[in-house]
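Dear colleague,

Please read them with the model open beside you.

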Amino acid sequence: MRVLVTGATGFIGSSVVRVLIEAGCQVRALVRAGADTRAIEGLPVEHCAGDVRDPESVRAAVHGCRHVYHVAALYTYWTRHPADIYATNVDGTRNVLAAAEAEGIERFVHTSSVATLGLHADGTPADEETPATLADMVSDYKRSKYLAEQVAREFAARGLPVVIVNPSTPVGVRDIKPTPTGSIVLDFLNGRMPAYVDTSLNIVDVEDVAVGHWLAAQKGEVGRRYILGNRNMTMKEILEALARITGQPAPRVRLPLWIAMAFAHWDTTLAHILPSHTPRATPDTVRLAHKHMVFNPSRAVRELGLPQSDPCEALRKAVDWFRESGLTRS
């Protein structure tokens, strides 16, 4: 069976590709010109040049495929051109869905995010039915993912067999860019984290997330959402786990919100002045960091059979990969 994966060269996408190959699929990857393809180098993958923002190249990539895994997204909380986020994440999603509909695809797995879900005011874990509105979305990235998911739901409502997966906070191997989550691990390894913020994340092995995509295609209910997650951990717990793995000390100072926000405004202003500077924090990321992003993945575990590998082992794999890739100081 031939399948298309968008975003195949990325962190989640490259793991999805491996799961599909293991399952016996013929994998075609939509690859942008100039994309870093190291994550899928040497794999038996058909490269199809194109971009989700280009409908013609998307149609060519979808042609002849039975399933589509739409993983591609611009995952960033900082850009000088916010319109680029919406062009990729919203318009690009619409282009891939439209091409799949025209081709008569048998199954479409749309990679959304827990960023599109609401949170409970009492701090209990949210699930797929926790309500959220566009007004609740902090940052262009979250707004774009929310809007993209709405587009996917619209196509599902009119008959396209779309299943939506909402990864939480994946960690593990091949985080080449790295993602904002991988940057936490990398900053810890490189001694660039003197303090931490009071937040919580739902940590999951990226390889479990990839298996969750395959399971969603096989068992998922059309139009239904599935949180691909595992364990809720405070930032303090994450850093303590990294300390046990590495032998490096965990930061003990918890950063007050006002200090973090002041630094974010300063760092963002500097980025607007210096074209070469990328801010390590923005006001949006600080606001997000002070929300406890805790989720309940039991639907995916129950209905799909989502694996629940030890998140601390996933952190260990991330540490080993960053070290082996020469991205750390030691």
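Glu-221, Arg-224, Arg-302 and Glu-303 are joined in a network of salt bridges, a salt bridge being a side-chain nitrogen of Lys or Arg within 4 Å of a carboxyl oxygen of Asp or Glu. The model is a predicted one, in which local features need pLDDT of at least 70 and side-chain atom pairs count only at pLDDT 80 or more, while totals for chains, interfaces and linings use all residues. Residues are numbered from 1 along each chain as its sequence is written, and side-chain values use heavy atoms, with hydrogens and water left out.

Glu-221 is partly exposed at 47% relative accessibility, and Arg-224 is partly exposed at 21% (buried means under 20% relative accessible area, exposed over 50%, and partly exposed in between, with a 1.4 Å probe and protein chains only).

The structure holds 21 salt bridges, and two others lie within helices (DSSP runs of H or I, at least four residues, numbered from the N terminus). In helix α7 (residues 235-246), Lys-236 and Glu-240 are four residues apart and so separated by about one helical turn, and their closest N and O atoms are 2.5 Å apart in a salt bridge. In helix α11 (residues 311-324), Glu-313 and Arg-316 are three residues apart, about one turn of the helix, and their side chains meet in a salt bridge at 3.6 Å, N to O. Glu-313 is partly exposed at 38% relative accessibility, as is Arg-316 with a relative accessible area of 35%.

Best regards
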